[in-house]
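I wrote them down in the order in which I looked things up.

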Amino acid sequence: MATLEIEDLHVSVEGKEIIKGISLQVSKNEVHALMGPNGSGKSTLSFALAGHPKYTITSGKVLFKGEDLLAMPPDERARAGLFLAFQYPAAVPGVTVGNFLRTAVNAKRAGGKVLKAITGKDAEAAGKNGNQISAREFLKILKENMRTLSLKEDFAFRYLNDGFSGGEKKRVEILQMAVLKPELAILDETDSGLDIDAMKTVAEGVNRLVGPSMGALVITHYQRLLNYIRPQIVHVLMEGKLVTSGGPDFAQELEARGYDWIRQKFGIATPVAAA
Amino acid sequence: MTTAEETRMSGLTAEGFAALQKFRAGEPAWLAESRKRAWDLYQKLPMPTRRDEEWRRVDLRALRLSDIAPFAESIGKVTSLSALTGPVKSRVDLGPHAAGTLIQHNSEDIYESLDEDLRKQGVVWCGFDRAAREHEDLVRKYYGSIRPATDGKFVALHYAFQSGGTFLYVPAGVHVDVPLRSLVFADAPGAGLFPHTLIILERDASLSYFEERTSERPASGAGRQNLVSSAAEIHMADGAQIRFMSLQDFDTETFNFTSEKTIGRERAQVAWLTAELGGRLNKGNIDCDLTGKGGRCELLGLYYINGRQQSDIVTLLTHKAPHTEGNILYKGVCDDYARSGFRGRIVVETAAAQTQSFLADHTMLLSDKARSDSVPTLEIEANDVICKHAATIGEISAEELFYLKSRGIPEVLARKMIVLGFYEEVLKGVPAAALQERVRRALQIKFELHQEDSPGE
């Protein structure tokens, strides 16, 4: 059984079908790349899997570790071990990176039960309260992870994504992944807006985690990220369908030849207007 | 002495005023006269109506002044904090740690303490009623000087019925770094409370100050209205600095009127945050005049109201001297049927060249039945001035909410984090971590109580 099993998934946004029947299986230890031109449905797939309310599943099935993923609210999906690294993560003013992530870790430990503990003395008391992690203990773990991603320590006390540069946001997405230790990570255009050094740092962060306890679905527009995160399989998504797949070097071929030859080969209409 | 039953029956009426005069027989003559003048004025002033601009959004129809006792029965003083019991004690235990504490229980000051070092340096800190007797020169000089009874109907009412409050005098160059703490605790259903805060900071003095006003209604007191009409006057000499945080958490059968003003002279620095959580109605007038060169004022406020609570804040920052800096920032959250109004005004007078001043208020509505109005005004009479305003009304951002949920945080917790996070910018405006933490906790408690009451969420 694969960790993530998608079966003939159809997704609509505001009444328009974007994903038109996708089947895909990703397991731990595996990296799958999902490539495709703009508007092919890559981000729609990732949001639908994470449970964004704007995306409606019209048919199909998704199993996560054998459970019905689509029956779970978004927070439960995350606690079950699914992680989405956002292309454009939201800024949450007034909520520090440290407080936010500790709350997320504790929510997972509490199995989604709402415990009254987020700041100050409450946070300290939480450490003495069953399996909740205390602010101090958590800060240590957070700082270790920040170091490996070349994030300065003060990020723990900065407001989540508030005023972060594009590169900082992406690093903080990977930081969250490292701390939350998901079983399956979806990386949505994590390379966009990154210079080559930042991309290497982010890729190293991902590579450290992929293994016996995590698999990844890497969504990207360009092949360059895949020089650093090597996928076993590269899938091509066009017009809401997976049209073909290849081995690790397929990405380079796509980069060199573009997507038009695939359109012709598989008989896909050229879109009238760019999405 | 008047019995509790008599006062309860008398109301804020001529009989009630006579009962109060009798109750306070023996107070200094000047204070008794000031009371009488305020009472005469109160009777002359018309009750505000919704035709008055500053009362346009305030519903006073339910207020029954004749049912409100002019003062509450005496409870008696305590000599140490350990002698306190019940809800007053729990409040005190919530902190913050203080260098001096004043507790007013209903109409009377029941406890006062002050750090010995501060006392030796000449700091005076005591209940207002005692100050009126023992520090008459200072109190007479400043009492009612910047917030006179003529400022409005409920201000006149305050001066007529004044009882309790605090007096603080910090001599030149003395620094009060650990906060002084004033707690007003009410648990007498149907009583009126009229505390007066008078703070005098001499040249280059500095002060950290926390004021908390709260009530616990015994079950037997349900259905009786309470009224609080308080005034605060803060005088700051050249170079004085204040970090002032107030937290109001009355029960929802209390009508709360506050009228507060600070005057800051040259290089005075004001960081002043008012946090309003309680009350059936909270009507606040909060003003600051910067009258000397180089003065600075952060006039900050936050509120969180739900149920059928109403909040209406009128705030005015006046620049009267050059090179002054001002910032008004208010943030409020309304849930359920709550309604809020904010009227912020910055005036830059002709003399106040090279001033910069900002006015912003942001409101978050958590229910489609909650309402909020905002009226920001800038009046600029000087040249070479930077002055801007901004106002927003919104709801919890769906994208922020989804983002937090996508990390495993349940919706109720995610909403709480976003709402509490919304206030952080304002809290950070008063650089005193312990005070910030105290207000943060009060917000958190109110939010959690509300969630427990709302099984639908």
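**Entry 1: a helix in chain A**

I began with helix α1 (residues 42–50) of chain A, in a model that is predicted, and found that nine of the nine residues of this helix are buried, so α1 is largely enclosed by the rest of the structure. I noted the buried residues by name, running from Lys42(A), Ser43(A) and Thr44(A) through Leu45(A), Ser46(A) and Phe47(A) to Ala48(A), Leu49(A) and Ala50(A). Then I looked just past α1(A), where Gly51(A) takes a positive phi of about 95°.

**Entry 2: positive phi outside glycine**

I next looked up Asp8(A), which is not a glycine and yet has a positive phi of about 50°; I placed Asp8(A) in strand β1 (residues 4–13) of chain A. Is Asp8(A) buried or exposed? I counted 11 C-beta neighbours inside 10 Å, and because a residue with 12 or fewer is exposed, Asp8(A) counts as exposed.

In chain B I turned to Arg267(B), also not a glycine, with a positive phi of about 60°, and I located Arg267(B) in the loop between β11 (254–264) and β12 (269–276) of chain B. Here 20 other C-beta atoms lie within 10 Å of Arg267(B), and since the cut-off for buried is 20 or more, Arg267(B) is buried.

**Entry 3: a cis peptide bond**

Last, I checked the peptide bond from Gly95(B) to Pro96(B), which is cis, with omega near 5°. I found Pro96(B) in the loop that runs between α4 (86–93) and β1 (100–105) of chain B.

How values were computed: Residues are numbered from 1 along each chain as its sequence is written. Chains are lettered from A and ligands numbered from 1 in the order in which they are written. This is a predicted model: local features need pLDDT of at least 70, side-chain atom pairs count only at pLDDT 80 or more; totals for chains, interfaces and linings use all residues. Helices (H or I, at least four residues) and strands (E, at least two) are DSSP runs, numbered from the N terminus.
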